[in-house]
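Hi there,

Here is the structure I promised to pass on to you. Have a look first, and then read on for my notes.

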Amino acid sequence: MGDEEAKSLPMELSEKGGVENNGFVQNEAFDDKETDTSSQEEMPKTCIIGVNPEATEEPVLEPYAGMPKEVLLKFSSQARYRVTREILFWLIITAAVVLVCATIAIIALSPKCLDWWQASPIYQIYPRSFKDSDMDGNGDLKGIQEKLDHIVSLNIKTIWITSFYKSPLKDLGYGAEDFYDIDPMFGSMSDFENLLAAIHDRGLKVIMDLIPNHTSDKHQWFQLSRNRTGKYTDYYIWQDCMQAGAAIAVPNNWVSVYGNSSWQFDDVRKQCYFHQFGKEQPDLNFRNLAVQQEIHDIIKFWLGKGVDGFSFVAVKFLLEATHLRNEPQVNKSQNSVTITAYSELYHDYTTTQVGMHDIVRGFRETMDQYSREPGRYRFMGSDGDEKEDIGATMMYYGTTFVQEADFPFNFYLINMNNLSGNSIFEAVNLWMQNMPKGKWPNWAAGSPNTARISSRFGKEYVSVINMLLLTLPGTPITYYGEEIGMENIASENVSEEYVNSDPVTFPEKSPMQWDGQVNAGFTEGTSSWLPVNPDYQSVNVEVQMTWSNSTLSLYRELTSLRNNELPIHRGWMCYVWNDSNVFVYVRELDGLDRVFMMVLNFGQESTIDMQAIVPSLPSVVTIRLSTNFSNTGKAVNTNTIKTEAGEGLVLEYKTGKPVHTMEAFQDNCFVAEKACYSSAFNLLYANC
């Protein structure tokens, strides 16, 4: 390049020459001179280069993924990002507050969940007759474990096993020789623990009997008491007796439940001991606090094993009057010397004495100590059995402030002698009208001490009675075999060994009928402790599982309906009609327009016009379930509902005017554990 070309370049160089900047390291000398404006001589003269001025402006930086913190902070302070961030923050806070408030509201408004003893029917097992696992002819605990799947198939989650304590088996084991051991007939403690684990593994619960009133005369306590040993001296009720030769002059006229005097002379102690039941079952002295503590320790032992609840048996006999006066005669003109039957006296001094309920409430307090763990509530039932005094039975529920039993067992259907629509209504209404507010009812039609349903009322009424139990409000109790319609065995088939040795009946305790094989599948041994009913070829579990119209199939359908339909599970019950043949009631739930009406025939063929009784009833309703399966799903006109003897119908319909809101039926409606349904949120709430 020549000198002329160099001069033509629009460039002016600094007299001091170029300045070098090594990378990102700032030249301090340059920096100082660049910022010093006080001296023109020291300012470097710039050179002008032919470049577009816009190209020298700093490019606009946009947010990009992975930008460093310094860049991020630069953008975060801009209004458009700051406002958006604050809006999102307050939305999240508001949503959290709304969620917490909604949760609190739902909890506050939600009704109490039904506990396990309310949610499922109870299946009562007499263990000696349920299933024999070791071929000795006697049912046992292993046998129960073998058949748990049958109980699960019934949609039942609670098992009640009657007494299996070590016992001489007088009165079927209700006089225990050892409350802490299993009778060898039924197995071992290990067998019980295995059974309990198997029950809980299937999500089931187990209740067992406890008979605190008395023991066997073979019990160690009694042996020590009759010898006046230490604290055991007064564990039983002893009184001096006047003995003149072979005759014994007893303290009073008190009579045993099984007949004859309640006093028995003991040759060892030379006194009489008191027994409300058999002479082999001396009554404990519950006025002795040490005796009460013994029972509390027994309760703790079994609850510690994992038992879910107790049925306390014969608790009304716990205390007797200390004055020992004669009890009043029913027939005052009867010669007192001839009084030998329990029914010939009013038992004013030997049942339900002052202080008895305090003892039972003490049992409740001990059980509550084991109910504190979530999901492990321990159930307590009591054996009220006050046939003539419903008020006395209701006392077992406890008071408003002090809980006693979760419910006293209801024997009013069991004790009913004549079957009709009216008698069923009276038994149901008696309980519901007298039950304290907020308490839970229960129903049973069979037990180990009552003739089976089919034997008392006839085979044709088994299914309709099962339908009654499983559609009434409360907890139904099914005695083993009633789900297939078992009958009593003939009394003449019972061995004299049992008739002569035990003051109880046996026909209703015949072995469970599992299949059509020898001994009905109860035992693989050569014989069973009681004979199997001859009808076992057709009345058994195996064959009825295959019949769509069987008693067993209907039972399973009914338990499924009860478990799945809220109105039947925990809704209102209103009586609609009853006469000599039929009993009609509805089950409803506030907020739900679906209603179930039960039309149950306990008499003869009947036709009723339900539209005339309930004007708001639809003209046509659907048969949801029938004791005759061929009718299930059919439509029926409500002005002519026809039922045969022993037929039961579960009718389903929709209405905007439920019966329990009608003034005409207000006094006929009851609800326990009230709840209302919200279709908008698909949940139950309490305040409605």
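Let me start with a question: is the crossing of α10 and α11 left-handed or right-handed? Bear in mind while you look that this is a predicted model. The crossing turns out to be right-handed. The axes of α10 (residues 289–305) and α11 (residues 356–368) come within 10 Å and cross at roughly 35°. On the α10 side, the contact is made by Gln292, Ile295, His296, Ile299, Lys300 and Leu303. Their counterparts on α11 are Ile359, Gly362, Phe363, Thr366 and Met367.

**The chain overall**

The protein chain has 688 residues, and 52% of them count as buried. Its secondary structure comes to 20 helices and 26 strands. Taking contacts between residues at least 6 apart in sequence, 68% join residues at least 24 apart.

In soluble globular proteins, nonpolar side chains tend to be buried together. Here, the largest nonpolar core has 139 residues, and Trp302 and Phe310 have the most contacts inside it. Helix α15 (residues 462–471) gives the most to this core, with seven residues. At least three residues come from each of domain 2 (122–212 + 286–319 + 354–561) and domain 3 (573–685).

What does Phe310 touch, not counting residues up to four places away in sequence? The list includes Trp302, along with Tyr165, Ile207, Met208, Leu210, Ile299, Leu303, Met367, Phe379 and Met380. Asp209 and Gly381 are also among the residues that Phe310 touches.

**The seven-stranded sheet**

An open sheet of seven strands runs in the order β21-β20-β23-β18-β17-β16-β24, with antiparallel pairing. Its edge strands are β21 (635–637) and β24, each pairing on one side only.

Six of its seven residues are buried, so β23 is largely enclosed by the rest of the structure. Seven bridges join β23 to β18, with Leu600 opposite Gly648 in β23. Four bridges join β23 to β20, and here Thr622 has Glu652 of β23 as its bridge partner. Thr622 also stands opposite Ala635 in β21, where β20 (residues 620–626) and β21 pair over three bridges.

Helix α13 (residues 421–434) lies across β16 (572–578), β17 (582–588) and β24, running at about 150° to β16. Helix α18 (residues 551–564) lies across β18 (594–601), β20 and β23, running at about 120° to β20.

**The three-stranded sheet**

Three strands form another open sheet, in the order β6-β10-β9, and the pairing is antiparallel. Both β6 (238–239) and β9 (263–266) stand at the edges with a single partner strand each, so one side of each is left without a neighbour in the sheet. Four bridges pair β9 with β10 (residues 271–274). Along that pairing, Trp263 stands opposite Phe274 and Gln264 opposite Tyr273. The hairpin of β9 and β10 has four residues between the strands, and Lys270 takes a positive phi near 65°.

**Two buried loop residues**

Why does Phe186 count as buried? Its relative accessible area is 5%, and the cut-off for buried is under 20%, so Phe186 qualifies. Phe186 sits in the loop between β4 (178–182) and α8 (189–201). Leaving aside neighbours within four places in sequence, Phe186 is in contact with Pro127, Arg128, Gly139, Asp140, Leu141, Ser163 and Phe164. Phe186 and Asn138 are 48 residues apart in sequence and 7.7 Å apart in space, C-alpha to C-alpha.

The other one is His660, found in the loop between β23 (648–654) and β24 (669–670). His660 is buried too, with a relative accessible area of 7%. Not counting residues up to four places away in sequence, His660 touches Trp572, Cys574, Glu588, Asp590, Gln666 and Cys669.

Enjoy exploring it!

Best wishes

Conventions. Residues are numbered from 1 along each chain as its sequence is written. This is a predicted model: local features need pLDDT of at least 70, side-chain atom pairs count only at pLDDT 80 or more; totals for chains, interfaces and linings use all residues. Side-chain values use heavy atoms; hydrogens and water are left out. Two strands pair if DSSP finds at least two bridges between them. A nonpolar core is a set of buried Ala, Val, Leu, Ile, Met, Phe, Trp, Tyr and Cys residues joined through side-chain atoms within 4.5 Å. Buried means under 20% relative accessible area, exposed over 50%, partly exposed in between (1.4 Å probe, protein chains only). Domain bounds come from an automatic or database domain assignment. Contact means heavy atoms within 4.5 Å. Axes are lines fitted to C-alpha atoms, for helices over the stretch in contact, and angles run from 0 to 180 degrees between N-to-C directions. A crossing is left-handed if the near helix is turned anticlockwise from the far one by less than a right angle, and right-handed if clockwise.
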